[in-house]
Amino acid sequence: MSILDSNERAHDAAEASARRSYGKLVAFLAARCGDVAAAEDALSEAFAAALADWPVNGTPTNPEAWLLTAARRKLIDAHRRRRPEAGPDALDAIADFDQQPGPHEMPDRRLGLLFTCAHPAIDPGIRAPLMLQAVLGLDAARIASAFLISPTAMGQRLVRAKTKIHLAGIPFRVPERAEMAERLEAVLDAIYAAFAEGWLDAAGTDAGRRDLAEEAIFLGALVVELLPDEPEALGLLALMLYAESRRHARRSPLGEYVPLDEQDVALWDSGLIVRAEAALRRAGTLGSIGRYQLEAAIQSAHVERRRSGAANWPALVGLYDGLVAITGSPVAALNRALAIASMEGPEAGLAALDAVCVDARMVEYQPYWAARAELLSRTGAHSDALHAYDIAIGLERDPSMRQYLDHRRSLLSN
């Protein structure tokens, strides 16, 4: 085997390990050293060491075990270099860390890390982004895009939050039930943001994003297992399962984007839908309604088309009314406008959409311009529709979606 082949295999193995186990490794390391940033740094050094060692000595049978061992050594070395200024607690941590079980016995500490990042001492606005980076390995630029702020500002906030965890000595554990209420919302938001990032890869060709969606569903199920009577945890799990059930219908065999109302419902995953319905029904018996339950109920209303052949638009508009009332989200208002357009016509949809455009964030929100272009085209306002399509195409990153929008635009030009 050539050196080039060895390097490529080592790189592929390291990348696969990062996708599968980044969060597990960081959570385990951080739980032992009490420092998220130090755990991330040690793991980064371990990956660098792997890329140097594996091409020469071969990829280990258990890459994650190799990485954990290497990262633990990096952390211990870092602690020992700081011995002159380290207090007794730090020295005890070193001794305790040396006695940890082997990598094959590594417990999954991700849920504890999620709740650590949601501690009341952490600024509420950075809790979900911090979880996305620490537990799921997203970089600051991707997180910033999801939360509509600049990558520089997001990076600075993440550094401050990690420093706060370390200096305040926030424990890395799942909190007692009495402490969970004030942390659960941020945990659920982070899990959903991770799923949404994975959802961007509709065809499942990007292994990193596909794994991210699967990890989010796993973590959502883990929270439900921990809190079986929490309706919003059940609602979130149902929402993700409904959405994931449609993955294979979102692109044609040629990779072309397929809108929801044109999808072949026979391609929707019945098993995931059954799981989603069960979770949503369970949530509905628990006496309170929240954002994720409403969003899951919206997905359930779309599933009605699988049974009856037609979407229940009045029910969808009513559910969006509730979602907008609870969240004030311009994204929910945008989707409400589209549901109104399907029920009452494009003019009514545009009138509802006009109320959304007062939010400054919509100026750079691609779905807003795509929706506006589609509704304008249906009213015959082709010049305005062409302008909106141009903006939507310029903002879109997904090649298949750009192709779809470009096709819709070309229909107006003919």
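Student: Which residues touch the most other members of the largest nonpolar core?

Tutor: This is a predicted model, in which local features need pLDDT of at least 70, side-chain atom pairs count only at pLDDT 80 or more, and totals for chains, interfaces and linings use all residues. Residues are numbered from 1 along each chain as its sequence is written, and side-chain values use heavy atoms, with hydrogens and water left out. A nonpolar core is a set of buried Ala, Val, Leu, Ile, Met, Phe, Trp, Tyr and Cys residues joined through side-chain atoms within 4.5 Å, where buried means under 20% relative accessible area, exposed over 50%, and partly exposed in between (1.4 Å probe, protein chains only). Among the 126 residues of this core, those touching the most other members are Leu113, Ile191, Phe195 and Val223.

Student: Which helix gives the largest share of this core?

Tutor: Helices are DSSP runs (H or I, at least four residues), as strands are (E, at least two), both numbered from the N terminus. The largest share is twelve residues, and they come from residues 177–199, helix H9.

Student: Does the span of helix H12 agree or disagree with its number of residues, and what is that span?

Tutor: The expected span is 1.5 Å times one less than the number of residues. For the 15 residues of H12, 270–284, this gives 21 Å. The end C-alpha atoms agree with it, since they are 21 Å apart.

Student: Which residues of H12 are exposed?

Tutor: The buried residues of H12 are Leu272, Ile273, Ala276, Glu277, Ala279, Leu280 and Ala283. They lie on the same side of H12 because they cover an arc of only 165 degrees around the axis, taken from the directions from the helix axis to the C-beta atoms. On the other side of H12, the exposed residues are Val274 and Arg281.

Student: Which residue caps the N-terminal end of H12?

Tutor: A side-chain oxygen lies 2.9 Å from the backbone nitrogen of Gly271. A polar contact is a pair of N or O atoms within 3.5 Å; within protein, one must be able to donate a hydrogen and the other to accept it, and residues adjacent in sequence count only if both atoms are side-chain atoms. The capping residue is Asp269.

Student: How many of the residues of helix H17 are buried?

Tutor: H17 comprises residues 366–379. What covers its buried residues includes helices H15, H16, H18 and H19. H17 is mostly covered, and of its 14 residues the buried ones number eleven.

How values were computed. Contact means heavy atoms within 4.5 Å.
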